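Subject: Structure handover

Hello,

Here is the structure we talked about. Please open it first, then read the notes below.

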Amino acid sequence: MLAKFIRFLGSIKLAVPVLGAIASILIWATFYESKVGSLVVQQQIYKSPWFGALMFLLAVNLGVSTLSRYPWRGPRKVGFALAHLGLIVLIAGSAAVIHLGVEGLLLVRTDQPANHLVRVEGELLEVMDDQGQVQQATVMVAPDYVISPKQFAGLTLLDYDENSVETVEYREGGAQDNSAVRLVLSSDRMDRTFDQWLSPAAETVDLGPAQLELRLAANETALQQLLADPTQKQTHQSGNLLIRVGDRETTIAIEDLRRHDAIINDIQVHLLSVWPDFRLDDHNQPITASQDWRNPALEVSVTQADHQERWFVFAQAEPILAGNESLLDLNWEYQVPPPPATDYFRVVVANQQLYYAARSSKSFSSGPLAMDQMVQPGWADFQITLADWLPHAEVVRNRLPAPPGVEGVPALQIVSTNGHQQWLTWGKSALITDGSYSMMAAFGPRMMALPFGIGLDDFIVERNEGSESVAMWTSQIWIEDLQGEATQQRSVWMNHPTWYQGWKIAQASWNPGDLNQSTLQVKREPLWVTALTWSGALLTVLGIGVMFYGPTLLKKRAAVPEKLTEPIASDPAPMPLATQDR
Amino acid sequence: MNQLKFLWGLCLACALMVTPLSQWQPTTQTAVDTLAVQLDGRKKPLDTVARETVATIHGSGQYQLTSGEVLDAPQTYWSLWLNSRDWNDEPFILVNYRPLKTQLGLPLEQKYFSFSTLINSELGGILQKAHTQQLQEQPLTRDEREAFTLEDRLNLMLDTVGSQTLPLVPYPSDIKGAWVGIAEAQQLYPPEIAARIQTEFERLNQQYQENGDDLGRLQDTTAMLQKSLADLSPEIYPDSATLQREVFFNYFHPFGKAWQLYAIAFLTLLTSQLIPTLNLYWSGMGLFLGGILVQIFGFILRMQIAGRPPVTNMYESVVWVGFGIAALAFCFELQTRARSYLLAAAPLAVVCLLLADSLPAVLDPSIEPLVPVLQDNFWLSIHVPTITLSYASFALAMGLGHLALVQYWRQPQGGSTATILSRLNTRVIQVGILLLTAGIILGGIWAHFSWGRFWGWDPKETWALIALLCYLAPVHGRLAGWLGQFGMNVASVLAFNAVLMAWYGVNFVLGTGLHSYGFGTGGSELLIASIVGLDTFFVLATILRHRSRHDASVPVPDVQTVDA
């Protein structure tokens with residue numbers, strides 16, 4: 001029984017179906033690949049255990065059939081044995097190349113130091129539970145597809161979107177007071193209509209020349225202030241001066257400093273001049289260009305005992321000492337609040353009522369705001385309508401594929417054990433709260449550290465003569481150990497990699513828009529793997545040659561000279577292996 | 001006697017090659033053809049520029065004017081370049097994709113259109129949409145790709161007609177420096193020298209406008225201009241032998257001559273089979289060898305011109321496979337005198353060379369600089385020719401398979417001819433298997449250096465392996481006694497589809513993978529699919545016929561005993 005089974009294992013009756021199965025799978029795989037991309041096919045087929053098992057079965061078949069025909073007498077059998085043993089070695093070698101090789105891409109720049117972090121295939125998912133335990137997994141993803149793993153650290157990996165944007169929507173149903181309003185802005189002249197949500201989480205939305213605001217008024221006074229015309233009130237925009245003497249920080253309002261000097265420790269600070277919009281005139285004298293607080297500056301004098309210094313302190317630049325070296329341990333910071341937007345549309349929530357204040361450079365209006373009420377803020381012909389008001393809004397965050405022309409980010413959708421769904425944005429960490437327990441999860445690039453660093457000296461793009469087409473890319477690199485010593489200069493270009501400590505460094509790609517940058521392929525493959533594939537390859541070709549042409553050559557050597565051409569009828573018959581199969 | 005007949009055939013082939021018969025006529029290479037131009041990354045004679053430009057825009061080597069007069073490629077190019085006709089209204093631009101013509105509202109039966117017709121059509125809108133798609137990295141439809149091809153033709157037309165910037169003026173010092181047009185000569189040379197060149201060119205232009213399309217009359221004036229241009233930078237300007245070699249290659253058109261010789265040899269050999277008394281076999285062999293020699297000569301010239309191995313793109317691989325089929329068949333025929341190899345090989349070689357000759361829009365024959373990944377002459381000259389030679393072997397096996405199947409069709413029980421053909425077929429398949437295995441492995445070693453891995457399941461690699469498996473399975477099936485001689489012939493025909501896929505389909509049907517530098521614009525999928533379909537239908541019909549007769553007749557002894 002066993003002998004029969006072993007004979008079957010080494011028989012052509014097994015070999016042909018296995019060859020046919022492999023060919024059919026490969027045909028299907030290449031068409032599948034043109035639809036889903038090579039990463040999916042590599043993971044699902046070529047690197048899968050079942051495909052490995054099929055190749056292993058082929059290797060077993062080859063091995064048993066070769067051994068069962070021992071001793072290998074005559075050129076045909078020797079060739080047969082060489083070719084089939086060579087194929088086993090080749091299959092083993094090729095599998096080892098795919099599974100044991102380490103490979104990644106290294107980005108190097110001429111304006112940056114040596115890099116040793118290689119970007120490896122796949123992404124990294126890190127999960128830290130509430131005990132501080134960290135687990136890591138390599139995640140293989142393709143557009144709209146999680147290849148592997150499907151489950152990790154209690155999370156189900158549901159979906160992956162390569163180019164997504166986060167959308168925020170609101171719905172009624174929150175437990176707390178949390179107003180959200182939706183405004184619709186429309187302009188007939190510009191033929192534009194769009195809507196915008198405002199909520200405490202997004203209370204100011206900048207529209208460029210104007211802004212939309214949502215404010216909460218705790219009491220009547222606050223409401224009146226928020227609805228007041230800003231041109232009517234004199235705001236104190238002169239700001240504060242922060243003085244640091246040694247370790248001590250003191251903040252003084254400029255308005256106070258105008259009235260009286262400040263004393264900090266034993267230092268007296270005296271305000272000499274204030275320029276709201278500082279300029280130097282033709283004679284290099286400080287003046288103010290306007291009364292708007294665009295570029296405020298101060299002149300102060302400080303006195304300690306009989307030592308006096310004079311400083312110019314700027315809101316938008318470093319302070320300047322008038323004179324030589326400062327003897328005092330002083331630091332200045334002049335803080336001026338940014339000027340309010342000239343144009344705004346403000347929605348104020350007070351006592352479960354909505355109010356608005358609309359300001360443009362020409363007009364100001366305010367009053368209660370009702371649903372579907374249309375307000376003209378005075379920004380060209382724009383009209384603003386209150387389309388929605390949710391007093392207890394709940395935020396609903398969603399991920400959508402980025403619309404054409406919008407650059408999104410990759411994101412991974414996960415589901416926790418209790419069914420809570422969440423998107424993890426690539427390159428960011430996020431808190432996953434699911435009922436009583438919570439965990440941190442981060443989804444980002446998978447990197448590998450090299451035992452040495454590579455820097456880019458120069459990236460040379462050689463063009464074909466009189467043309468913009470590229471003839472060759474060359475990266476002139478230096479390799480250094482991680483202490484930044486033992487530097488070596490190398491050049492790599494297409495088909496001409498360099499080897500360093502068993503690592504192969506090759507030119508991989510470039511960025512046509514930035515020639516200070518080059519991408520190198522860094523790869524390591526155990527030497528025995530290379531030796532295995534090459535020797536398997538050599539054996540196979542040699543074996544096929546001997547099997548097909550060995551008998552003829554031998555016959556010709558033995559034949560008498562007058563028989564120059566071999567008659568057709570003496571065509572070498574296939575080896576009578578079939579008898580052993582029966 | 002046989003040797004004499006063989007020599008006679010060979011001499012006949014040589015005579016046919018040099019005999020000035022209509023389009024075979026090699027004209028003299030004058031300065032009109034050899035004026036050097038630096039274009040698309042290399043220096044080449046104006047004759048090559050003319051042929052490439054006319055082939056790209058018009059899809060053919062000659063143009064019939066609306067007046068009925070026929071211009072060859074150089075005449076057409078000079079007329080475009082020196083703007084001697086109303087090229088705005090000449091229906092010169094090829095539009096052969098019917099759905100695009102429908103979209104543009106052009107008459108479907110018309111093949112060529114004028115610049116003004118196309119510019120005033122809806123093409124602008126289609127192109128704008130396609131460019132937006134491209135910018136957003138969206139996949140392009142076939143219609144959009146065809147619109148881009150048409151845009152390229154229109155752009156080339158714009159660049160050519162009345163061009164002042166054709167780079168004829170050599171760079172003074174750097175061998176790779178960019179050349180400039182005659183009108184821009186002062187960018188590289190002092191004004192007085194530039195003015196002299198411009199005067200000489202103006203004289204040439206005037207003479208052309210006066211003499212019309214008779215380029216022969218411009219010989220002296222062009223020679224003077226060429227000498228002045230060469231004297232500007234003698235180190236940089238290509239020597240006249242190099243330029244003349246390329247012009248000679250263009251005129252001599254060795255690959256075109258080769259298929260004609262193969263065709264004549266085929267007819268001769270067929271006659272010798274049908275009328276054995278005429279005894280034309282050795283003359284046919286001589287003619288066939290003539291074809292092979294012309295093709296070798298063509299490869300040598302092309303390698304000298306391009307400075308690289310003979311197989312680097314789809315066009316060259318088709319020509320090379322044609323050569324491989326012919327050369328392998330000739331070797332086998334010499335060895336076996338089976339009188340069948342050449343009959344199977346000649347039509348296949350003719351088809352390959354004819355396809356390469358007549359589809360310049362799909363199989364672009366122009367010599368262009370290699371992409372960086374192919375810049376390795378050692379591996380390029382080992383791996384690619386080996387792989388394509390294996391394709392040639394399988395093509396030859398497919399041809400022999402067809403001959404055998406025709407025999408089986410005539411005599412479903414098989415006969416001595418069918419048996420002989422089947423044996424010949426097996427030998428060719430063996431060569432193919434050896435070459436393909438070696439080719440795949442050599443590719444793996446190159447990939448180890450170039451891409452860092454021996455094997456990576458790239459579609460081109462995978463399909464080469466599939467093709468190999470498609471031949472290994474029947475070869476082993478025959479050993480198991482599952483396939484007889486008839487089955488092997490069927491397999492040699494059907495398995496060739498895997499070779500077609502590995503060779504052509506991966507590039508044009510799948511269109512993915514690292515071997516993308518061999519990709520072209522594609523096309524002819526439908527034609528190829530229908531030929532493959534018809535052929536498969538023929539094979540199926542033969543199988544049915546063979547089985548019905550086979551079952552009716554006495555049981556045939558086991559195949560194994562026949563072979564053993």
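Buried area is the accessible area (1.4 Å probe) that two parts lose on being put together, summed over both. Between chain A and chain B it is about 5,600 Å². Carbon and sulfur atoms give 67% of that area.

Before the rest, some ground rules. This is a predicted model: local features need pLDDT of at least 70, side-chain atom pairs count only at pLDDT 80 or more, and totals for chains, interfaces and linings use all residues. Residues are numbered from 1 along each chain as its sequence is written, chains are lettered from A and ligands numbered from 1 in the order in which they are written, and side-chain values use heavy atoms, with hydrogens and water left out.

Now the interface. 64 residues of chain A are in contact with 65 residues of chain B (heavy atoms within 4.5 Å). Two salt bridges link the chains (a side-chain nitrogen of Lys or Arg within 4 Å of a carboxyl oxygen of Asp or Glu). One of them pairs A:Glu465 with B:Lys43, with the closest N and O atoms 2.9 Å apart.

Which elements give two or more residues to chain A's side? They are α2 (12-36), α3 (38-46), α5 (74-100), β30 (437-463), β31 (470-481), β35 (517-524) and α8 (527-558) of chain A. Helices (H or I, at least four residues) and strands (E, at least two) are DSSP runs, numbered from the N terminus. α2(A) gives the most, with 13 residues.

Finally, chain B has domain 1 (38-236) and domain 2 (380-563), with bounds from an automatic or database domain assignment. Their centres, taken over C-alpha atoms, are 43 Å apart.

Best wishes
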